[in-house]
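Welcome! Take a moment to look over the structure below, and then we will walk through it together, one region at a time.

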Amino acid sequence: RYPGIEEAVIRKVHEYELGEKTLLSSFDHHAMKLAKEIDPSVKTGLLNRKKLENPVEYVRKYGADAVNYGYLALTPSQTKEIQNAGYEVNTYTPNTLASLSYCIMCGVNTLITNYPDKADKYVKKFVKKA
């Protein structure tokens, strides 16, 4: 825990006018809920290593805008369920072509990868053929 970190981060986001370009994300879901309480306009994402039980209910409970799954926790059906409820599904760190392909097949909103150049080339190639 880092007391006051939520306020400090939100202050910097506003100071640099990055509100529309920023998604605060943490494994500390209570911190994300607090960030939303401090500033409801800030977008938040809940980092998760494992698939959530009742994901839509869980996201609502914490007032988040997105679920940020480790790619091994993704399923196409849960991705669709969350998106159909109006939330984003982002995934971290698909770094191989196989994992990128799986994430794209699941229909995620955003890929968080250590190799954005490779992912960009692969996504363009994949989308072009699809």
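This is a predicted model: local features need pLDDT of at least 70, side-chain atom pairs count only at pLDDT 80 or more; totals for chains, interfaces and linings use all residues.

## A strand covered on both sides

Five of the five residues of β3, which spans residues 66-70, are buried, so the strand is largely enclosed by the rest of the structure.

## Neighbours of β3

Which strands pair with β3? One is β2 (residues 43-48), which runs parallel to β3 and is joined to it by four bridges. Within this pairing, L47 has N68 of β3 as its bridge partner. To get from β2 to β3, the chain passes through helix α3 (residues 55-62), making a right-handed β-α-β crossover.

Strand β4 (residues 88-92) also pairs with β3 in the parallel sense, this time over five bridges. Here G70 has Y92 of β4 as its bridge partner.

## The nonpolar core

How many residues make up the largest nonpolar core? It has 23, and those with the most contacts inside it include V67 and Y69, along with L24 and I82. At least two core residues come from each of α1 (5-15), α2 (29-38), α3, β3 and α5 (97-106).

Beyond its neighbours within four places in sequence, L24 is in contact with several residues, among them V9, V13, M32 and V42.

Two aromatic pairs turn up in a search of the whole structure. In one, the ring centres of F27 and Y92 are 6.1 Å apart and the planes meet at 85°, so the pair is edge-to-face. This pair links distant parts of the chain, since F27 lies in the loop between β1 (23-26) and α2 while Y92 is in strand β4, 65 residues apart. F27 is partly exposed at 40% relative accessibility, whereas Y92 is buried at 17%.

In the other pair, the rings of Y58 and Y62 have centres 4.9 Å apart and planes at 45°, so the pair is tilted. Both residues lie in helix α3, four residues apart, or about one turn of the helix.

Definitions and conventions: Residues are numbered from 1 along each chain as its sequence is written. Side-chain values use heavy atoms; hydrogens and water are left out. Buried means under 20% relative accessible area, exposed over 50%, partly exposed in between (1.4 Å probe, protein chains only). Two strands pair if DSSP finds at least two bridges between them. A crossover is right-handed if, with the strands pointing away from the viewer, the path from the first strand over the helix to the second runs clockwise. A nonpolar core is a set of buried Ala, Val, Leu, Ile, Met, Phe, Trp, Tyr and Cys residues joined through side-chain atoms within 4.5 Å. Contact means heavy atoms within 4.5 Å. Rings of Phe, Tyr and Trp (its six-membered ring) pair if their centres lie within 6.5 Å; planes under 30 degrees apart count as stacked, over 60 as edge-to-face and the rest as tilted.
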